[in-house]
Amino acid sequence: MRDIPAFKIIKKPELQGSSLLMGWNEDAGNLGTGVLNYLIRRLGAEEFGEFEPVDFFPLGGVAVEDDVAQFPESKFFYCSNRNLVLLRSNAPRSEWHKFLNLVLDVAEFYCYVTEVYTIGGMVSLSAHTTPRELFAISNSPRMKRVLNQYDLSREMDYETPLGQRPTLSSFLLWVAQKRSIPAASLWVPIPFYLLPTEDPAACRKVIEFFDKRFGLGIELSDLDEAVKRQNEKIARVRFNFPEVDAYIRNLESNLSLSQEESEKLAREIQEYLKRID
Amino acid sequence: MGIRLYKEPELENPVLVASWPGIGNIGIIAVDTFRAIVEAEEFGEIEPWDFFYPKRVVIKNGELRDLEFPISKFYFKRTSVKDLLFFIGEEQPADGGRAYAEGRKAYQMANLVLDVALKFGCQRVYTSGAAVAPIHHTMKPKVWAVPNTKRLIPELKKYENTILMSDIEGRGGQGNITGLNGLLLGVARKRGIDAVCMMGEIPVYLQGLPIPYPKASRAVLEVLSTALGIKIGLQQLDSFIERSEKEIERLYEKFPPEIKDQLDKLSHIAYTHPAEPGPITEEDKKKILEDIDKFFKRESKED
């Protein structure tokens, strides 16, 4: 019989007092995946294990996105010279508490993790020309003291609106708190018309923070170039479609758009970016 | 719960062609026909008792003689062009009377199939199923192709009569493939094996009927034949197609005239883009599809 352990380890990482950075696939602006993929590539992080999906995802077939069949993943990477653990994962569809505890089990038992960061994008009604801001929510005074050393927005007040549910990152912070593991969730507002695509400016904001926090010494010019490229593409849309330009100008002047206008702006930008990519 | 191999054939980088039953049995007919045409040899099976409830008991003189389970068998064929592995599952392992597999058992079965494929050095998998589409049964079905890696898209675009999800209006390249014909693609992706699901189109109004749709299986086999570079003589499917067409026409004649009028218009609808301007406007098209949808919802409630 084929055994399906929850965690399949490829090799045991050599780490001590490390930090776990995690991001969710299908995040707003693909921020979590974008940041994780960038760090994995730039730091040469090595995969060391993964969760089997069967306990956490329905597996009644496959979803198709951009013509390609997808499959849920929860992969762990490590970078021993930076003492970092990276987890790139789809958000589980069930058994959330078990999943989050398993993440922390792997983090503690295999990697001796002492702090955890999650990365997430949130919807913003601002224009893409507005500078990105990094918000942080901590799960303990100790973590808050760590974050105080950096230029972050930390004093957020928020309660889940009626009819909505807390994010999985908030759930993780709570589970980590119960286990006395300092943790923080990092959030960057993403312009709503960039949600299904990528927001390199948001990605840069998070990488910049990790670079400072862990002394990674990453040269960010490639991200600057990616931000410039995307801005140029959107500038071309604005030039070719006066209506789109008018909508974005409204947002830049802090004027809101109707739902119809917002949908049209998002659609035009998406279609154009897809066409020229 | 395991695999029983009766022999271990020597194969060179074989391609696996696998299918389980689904709508119109399009995939399973295509794969089983292919298997029969090339006269592939059975060489193993997945032991069924942990996956399936028995399908038949044989009792003689008050004594139980046999208990039969749905079969899940492997076949192989060496050809001068490419070595082939086939997997044919008679049923999908599903709980609670559902037609499609999901959960732990489905995942285990997909992994067992790929264990065998990898054991023989397979690096490419094809599955097949049905694509429910707003087409008329007199039209030639297209084949929707979904790969499990972007890398395969240029190859798929070269095949005749084949479309990608992004060619379908309003889908934005997205969709779902239910059951094991889809899940196998995902599990293959996880295990680093290239895979493609080829789905033959079935008219939207035939999807709920318990009749096979071999015309779509033929379309799938035509594409598979090109993809594999193996000539497949499909004449033996033609008499099956003829019988099925007659059966469909007989049922079609029983539809109320006003519904038939609407369904007839499907012959003129282009749902892939770029849509050519035709005799049906976008508004007409929307209305026809809504009417058909309403009719079949009403019918299924009345059943």
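Predicted model: local features only at pLDDT ≥ 70, side-chain atom pairs only at ≥ 80, totals over all residues.
Figure 1. Strand 2 of chain B, residues 15-19, pairs with strand 8 of chain B in the parallel sense over 4 bridges. In this pairing Val17(B) stands opposite Tyr126(B). Strand 8 of chain B also pairs with strand 12 of chain B, residues 194-203, again in the parallel sense, over 10 bridges. Here Tyr126(B) stands opposite Val196(B).

**Figure 2. Chain B as a whole.** The secondary structure of chain B comes to 8 helices and 12 strands. Chain B has 303 residues, and 42% of them count as buried. Among contacts in chain B with a separation of 6 or more, 73% are between residues 24 or more positions apart.

**Figure 3. The largest nonpolar core.** This core has 148 residues, and those with the most contacts inside it are Val85(A) and Leu184(B). Helix 2 of chain B, residues 104-119, gives the most to the core, with 8 residues. Leaving aside neighbours within four places in sequence, Val85(A) is in contact with Leu15(A), Ser18(A), Leu20(A), Phe76(A), Tyr78(A), Ala107(A), Cys111(A) and Val113(A).

**Figure 4. Helix 7 of chain A, residues 242-252.** Val244(A), Tyr247(A), Ile248(A) and Leu251(A) are buried in this helix. Seen down the axis of helix 7 of chain A, the buried residues fall within an arc of 95°, so they line one face of the helix. Just after helix 7 of chain A comes Asn254(A), which takes a positive phi of about 60°.

**Figure 5. The contact between chain A and chain B.** Chain A puts 17 residues into the contact and chain B puts in 35 residues. On the side of chain A that touches chain B, strand 4 (61-65) and strand 5 (68-69) each supply at least two residues. Strand 4 of chain A gives the most to that side, with 5 residues. By type, the residues of the side of chain A that touches chain B are 10 nonpolar, 3 polar and 4 charged.

**Figure 6. A strand pairing between the two chains.** Strand 4 of chain A and strand 11 of chain B, residues 175-178, run antiparallel and are joined by 4 bridges. Gly61(A) stands opposite Thr178(B) in strand 11 of chain B.

Terms used: Residues numbered from 1 in each chain as written. Chains lettered and ligands numbered in written order. Pairing = 2+ DSSP bridges. Buried ≥ 20, exposed ≤ 12 C-beta atoms within 10 Å, placed from the backbone. Contact = placed C-beta atoms within 7 Å. Core = buried A, V, L, I, M, F, W, Y, C linked by C-beta atoms within 7 Å. Arc of directions from axis to C-beta. Nonpolar A, V, L, I, M, F, W, Y, C, P; charged D, E, K, R; others polar.
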